[in-house]
Amino acid sequence: MTDGTSIKIGDRDYGVMSGSTGPDVIDIRKLYANTGMFTYDPGFTSTASCESGLTFIDGDEGVLLHRGYPIGQLAEHSSFMEVSYLLLNGELPNKEELDKFSYTITRHTMLHEQLATFYRGFRRDAHPMAVMCGIVGALSAFYHDSTDITDPYQRMVASHRLIAKMPTIAAMAYKYTIGQPFVYPKNSLSYTGNFLRMTFGVPAEEYVVNPVVERALDRIFILHADHEQNASTSTVRLAGSSGANPFACIAAGIACLWGPAHGGANEAALNMLREIGRPERIPEYIARAKDKNDPFRLMGFGHRVYKNYDPRATVMQKTVREVLTALNVTDPLFDVALQLEEMALKDDYFIEKKLFPNVDFYSGVILSAIGFPTTMFTALFALARTVGWVAQWNEMISDPDQKIGRPRQLYTGPVQRDYVAVDKR
Ligand code: ACO
């Protein structure tokens, strides 16, 4: 909404819009028409691409709110199903609403059986994210009755399907790479318990869900559920802005999330901790991270928005201890991680650049203790982020100001010139 103030650019005034909290924004929609100039903002560091009521981040203060609720409170007291409902519907559900929502999601967890054949087209050593991009994109070929984006009911069904099927898709991607039979969903289990069973269970044996592991993984899902207009969410919105169907949009989000600067960072962080291996080697890696001539960065450190401790990393650090204790595992990498964090946070380079551990720094240690191979880490992130993606996508489609996303550019190529025949070049 416009707050009545304005800012002068050239000889024109441009309205300033205020949200419920956070920085105001300058409404430059008429800038090009008035001045013939674009704005230049690679990486969108100063650009608000949309209005949104889902998630608020104050990176300087280390605050993350979903529909107003602090992430720490949600991680402590809520469940992934409840947070999913909150993100999709705007309010926390009452008991009846939550039961109904959980029931609906549970009843959508199976995949069209023909998709099992689709998996078999991949090489066994395919990365789970490659498989997930393919399978999720292919859902639009199987669920034609939920691809009309102008129909709110179909949008809701597609959203429920995506949230419900993602654990099945991710677990099947894992089972395929290790050559074990797919395990079908079991409706008596929770969302997260069901995922654990589909991933680690085998048809030959009864699988008993460990409640500490179930709670820890559910919490990891909550911590990854949404994160404002990050790269993959913006990708989903941009893909969706053309009217593409939701399954195609989420496949685009998965592709973006795969990158090491985004969702791939937890895999990269654990690989880095393994490479460091022993606390004595930490100073060498800190020196490398600071060396301008070395491309190495401390993975799991730094964030585009947080210039303070990532509030999700605080919950993660606590969860690592719980899981390691419950599973009776001593992981030397956790000590390496704790000492690396301590040393980096005392180092002037990291202090000056405001580089703190992010959500990915500790998540790898937990997931590895639970038994997930590193290649599955980003797949788990995609599974959890699906709710944020669909909630943001729904919000965008319902926004009357929504237009196809079409950034402009500062052109630096050749100016117009005449074609020269090949024998004259
Ligand atoms: N290690 C060492 N130096 C770093 C690190 C790091 N992890 N992160 C940033 N820096 C330095 C940069 O070299 C740069 O230095 P300079 O100003 O001297 O050139 C400065 O800090 C700013 O870095 P940018 O890359 O410009 O910051 P940006 O906001 O674009 O990047 C990013 C954020 C991509 C997350 C970055 O911190 C990074 O690469 N971190 C490691 C990867 C990672 O953990 N990603 C997960 C992000 S969280 C998520 O996606 C869920």
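## Strand pairing

Strand β5 (residues 63-66) is joined to β6 by 2 bridges, and the two run antiparallel. Strands here are DSSP runs of E, at least two residues long, numbered from the N terminus. Two strands pair if DSSP finds at least two bridges between them. Across this pairing, His66 stands opposite Tyr69 in β6.

The open sheet has 3 strands in the order β4-β5-β6, with antiparallel pairing. β4 (55-58) and β6 (69-70) stand at the edges; each has a single partner strand, so one side of each lacks a neighbour in the sheet.

## Basis of the model

This is a predicted model: local features need pLDDT of at least 70, side-chain atom pairs count only at pLDDT 80 or more, and totals for chains, interfaces and linings use all residues. Residues are numbered from 1 along each chain as its sequence is written, and side-chain values use heavy atoms, with hydrogens and water left out.

## Ligand shell

The ligand has 21 residues around it; Arg297, Leu298, Gly300, Tyr349 and Lys353 come nearest. A residue counts as near if one of its heavy atoms lies within 4 Å. The shell divides into 10 nonpolar, 5 polar and 6 charged residues. Asp, Glu, Lys and Arg count as charged; Ala, Val, Leu, Ile, Met, Phe, Trp, Tyr, Cys and Pro as nonpolar; the others, Gly among them, as polar.

## Polar contacts and cover

Polar contacts are pairs of N or O atoms within 3.5 Å. A polar backbone atom of Gly300 is 2.9 Å from a ligand oxygen atom. A polar side-chain atom of Arg304 also lies 2.9 Å from an oxygen atom of the ligand. For Asn358, a side-chain N or O atom is 2.9 Å from a ligand oxygen atom. The protein covers 75% of the 920 Å² of accessible area that the ligand has on its own (Shrake-Rupley method, 1.4 Å probe).

Technical notes. Helix = DSSP H or I, 4+ residues; strand = E, 2+ residues; numbered from the N terminus. Polar contact = N/O pair within 3.5 Å; in protein donor to acceptor, adjacent residues only side chain to side chain.
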